[in-house]
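Keep the viewer open while you read them.

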Amino acid sequence: MAAFTLLAVGLIDVAWIVASLLAMFVGLSIVVLALTWLERKVLGRLQLRLGPTRTGPMGLMQPIADAIKLILKEDILPSASDKVIFWVAPVIVVVSAFMIWVTIPAGPGLVIQNLDLGLFYITAFAVVGILGLVLAGWGSANKYGILGGLRAAAQLISYEIPIILVVVAVAMLAQSLDLQVIVEHQNPVLHVVVLPLGMVIFFIAGLAEVGRTPFDIYHAESEVVGGPFVEYSGAHWAVFFLAEYINTFAIAALASILFLGGWLGPGPAWLGVVWFLLKVFALVLVVFWVRGTLPRLRIDQLMAFAWKVMVPLGFYTIIITAVYLFYDWPAWTLTLMSLAGLSVVGYLIYRRVMAPVKLVKEIKARQAQQLAQRQRAQ
Amino acid sequence: MTESSPEMTTGAQPIELLLNMGPQHPSTHGVFRMVLWIDGEKIVDMEPHIGYLHRGSEKICEGEQYHQIITLFDRLDYVANFNNELVYCRAVEQLMGLEVPERAEYIRVILCELNRIASHLLYVGTIGLDAGAMTPTMFSFRGRERVQALFEAVSGARMMHNYFRIGGLKEDLPDNFQQMIQELLPLLKVDIEESDQILTFNEIFLSRTKGVGAITTEEAIDYGLTGPCLRGCGLEYDVRKAQPYSVYDRFDFDVPVGLDGDCWDRHWVRIQEMYQSMRIIEQALEQMPEGPVVSSLGRRLIRPPEGEVYVRAENPRGEIGVYLVSKGVDRPYRLKVRPPSFCNLSALKLMLRNAWVADSVVILGSLDIVLGEVDR
């Protein structure tokens, strides 16, 4: 009898896990479809275009048409490829993308499995995806693929560090790695107010982490023609695509949980999910906006930016948080220190690493000088 | 495999990776192929391969009548068709000593300058894509589409116009041309300004192009660079000023020059040239007289006297030269084109010194080659 009860309880547990994972899979797939539509529409509007209009009202059926097309396409296996690695790589990428979502809460208690070490779990799984990208580049036996895969490894590992440093600072503030506790800790003062520097670092490094413009170096179309994805087609390519959008959404969701207060907002408790989604989609829109505006960095500039700016600033964030906690200063001192750090970012970017503003001034001065000389010569 | 030829394997060390870019690479601007030896992300050596678009145009010219050759020139530099037609027509006219009606000259200049703007707008779009920015393409193509709509109204075709004739033009402008171009110019100016503003002084674009692919003025002259690639080095050389042809000596315009001869300077020169072309068009529209558009001689079967002539002109990409030998019959004996893209491309290897893989794409984009002209 006892064994039977145990079995029944076990079965209910298993059924619950399967059902919730299924719900997560379906929900994330819908989100990805919505994101592809949104990105095409937003980019279209930014670029004097309409975006998709033909499939359904406002082109809303376009992602479904794309999905059907991708699934029906022939899945080509390059003859020189390492077949096992070639097939396993997309699975690694997409599974790690999905696994992150197991512990991301969309509302109070609205989570598949809340983990006490949630942040630790997420940062750990974010690194697993890199393995998939490198394997995809290697397995497809294509030079662009290898180049892209190695770029992905270098880029993602470099930008993992500032993300982890900032996450540690947030965990220190909230005194917990549990995402629910972190969100509740931001009531009534959001972390973005206390630690604006952390938000900036997290968002920029997050862009690099998911390979969005201006950090889309490992799958740059004009150089490595898609990088690790170059030999993939059909459903396997779609899987990479799915993982990329899930990761974009995950970075936006994490930024909103760690800094923007997740589901916190005025109104009744059931509005929490709406607030959460509003914040996430606002951040996603910023990601699309950046994509419509900026060119791409070069790999050396990218690495210099990671190691010379982002990593030191990550350490700075940890130090000011530690000082603030140790001496138990009022919260505004942390804001002040954080803003000071932000101005250091500005200083570093503008003067030391890329020196663009100085360069613009210099170019304009030299051009004016040249013009004056030519006018005198005439 | 051509890779096994001895001169191509000598540069390679075991540590290097041989990367074949093109002819089916999205950013080699057509069917150009470059074989790169890379060490990590740095370019060690490079071997260009051209000829994938070779159609034997120069040889075909020897078998065609003079009027028919105009269509072949349309297909050399297929983004600057009017400029190509102009240089060929001028070569034959010079050989025959033909006077072109004043009005035809002005219409030619207006169309050529519009074509220069359209060509440079295409360049802005492609350099944006090469550097990873999608939006400038859309901004600049809007302007290019507007220009091409005007071309279609004038010549009947968006690209392969076949509108210039030896001794003038095929026919006069459409009746509403003045109205169309007055509507076009302000819009075009906005398009140029927008594609300029989103890219030229963008910090990331600057860091990707300033100081990248730089060559000195001496090297540029040695390699026969012309057009924006030469002016980017700081040398003020423009055929429209140095040896004015058509009616270019009647207009007031500047020749923008760069500072260091790098990718950004070449970009900046092209952007400024578009503003100068706008100035030329405005002046030409004011000065344009009425009258016939084709000399009566031009309508007949062309038989230039025996002789040879070399004519040059400033194309959007640089100096185009046409060497024409006539034996007094209705077909040329020999016709040789000096294409600007081909000469500019020859300096690519020089520019790729110490470059990164990502730079190779930007440098090639800043040269703004058209493979139809390189391969002929």
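1. Start with two helices that meet in chain B: B:Thr126, B:Ile127, B:Asp130 and B:Ala131 in H5(B) touch B:Val361, B:Val362, B:Gly365 and B:Ser366 in H15(B). Contact here has a plain meaning: two residues are in contact if their C-beta atoms, placed from the backbone, lie within 7 Å. By class, the residues of this contact are four nonpolar, three polar and one charged. For the classes, Ala, Val, Leu, Ile, Met, Phe, Trp, Tyr, Cys and Pro count as nonpolar, Asp, Glu, Lys and Arg as charged, and the others, Gly among them, as polar.

2. How do the axes of H5(B) and H15(B) cross? They come within 9 Å and cross at roughly 175 degrees. That makes H5(B) roughly antiparallel to H15(B) (angles under 35 degrees count as roughly parallel, over 145 as roughly antiparallel, 65 to 115 as roughly perpendicular and the rest as oblique). Axes are lines fitted to C-alpha atoms, for helices over the stretch in contact, and angles run from 0 to 180 degrees between N-to-C directions.

3. A word on what you're looking at. This is a predicted model, in which local features need pLDDT of at least 70 and side-chain atom pairs count only at pLDDT 80 or more, while totals for chains, interfaces and linings use all residues. Residues are numbered from 1 along each chain as its sequence is written, and chains are lettered from A and ligands numbered from 1 in the order in which they are written.

4. Now chain B as a whole: count 16 helices and eight strands. Helices (H or I, at least four residues) and strands (E, at least two) are DSSP runs, numbered from the N terminus. The radius of gyration of chain B is 21 Å, close to the 21 Å that the globule rule gives for 376 residues, so chain B is as compact as a globular protein of that length. That radius is taken over C-alpha atoms, and the globule rule is 2.2 Å times the number of residues to the power 0.38. Along its principal axes, the C-alpha trace of chain B spans about 70 × 45 × 35 Å.

5. Chain B is assigned domain 1 (2-49) and domain 2 (57-375); such bounds come from an automatic or database domain assignment. The centres of these two domains of chain B, taken over C-alpha atoms, are 30 Å apart. Their contact uses 13 residues from domain 1 of chain B and 16 residues from domain 2 of chain B. On the domain 1 side, strand E2 (33-39) and strand E3 (42-49) of chain B each give two or more residues, and E3(B) has the largest share, four residues.

6. Those strands belong to an open sheet of three strands in chain B, in the order E1-E2-E3, with antiparallel pairing. Which strands stand at the edges? Strand E1 (17-21) and E3 of chain B do, each with a single partner strand, so one side of each is left without a neighbour in the sheet. Pairing means that DSSP finds at least two bridges between two strands. Seven bridges join E2(B) to E3(B), and B:Ile38 has B:Ile43 in E3(B) as its bridge partner.

7. Nine bridges join strand E6 (residues 307-315) to strand E7 (residues 318-326) of chain B, and the two form a hairpin with two residues between them. B:Glu308, for one, stands opposite B:Val325 in E7(B).

8. Last, where do the chains meet? 31 residues of chain B are in contact with 31 residues of chain A. The elements of chain B giving two or more residues to this side include E1, helix H5 (102-131) and helix H15 (357-367), while H8(B) supplies the largest share, six residues. By class, the chain B side has 18 nonpolar, seven polar and six charged residues.
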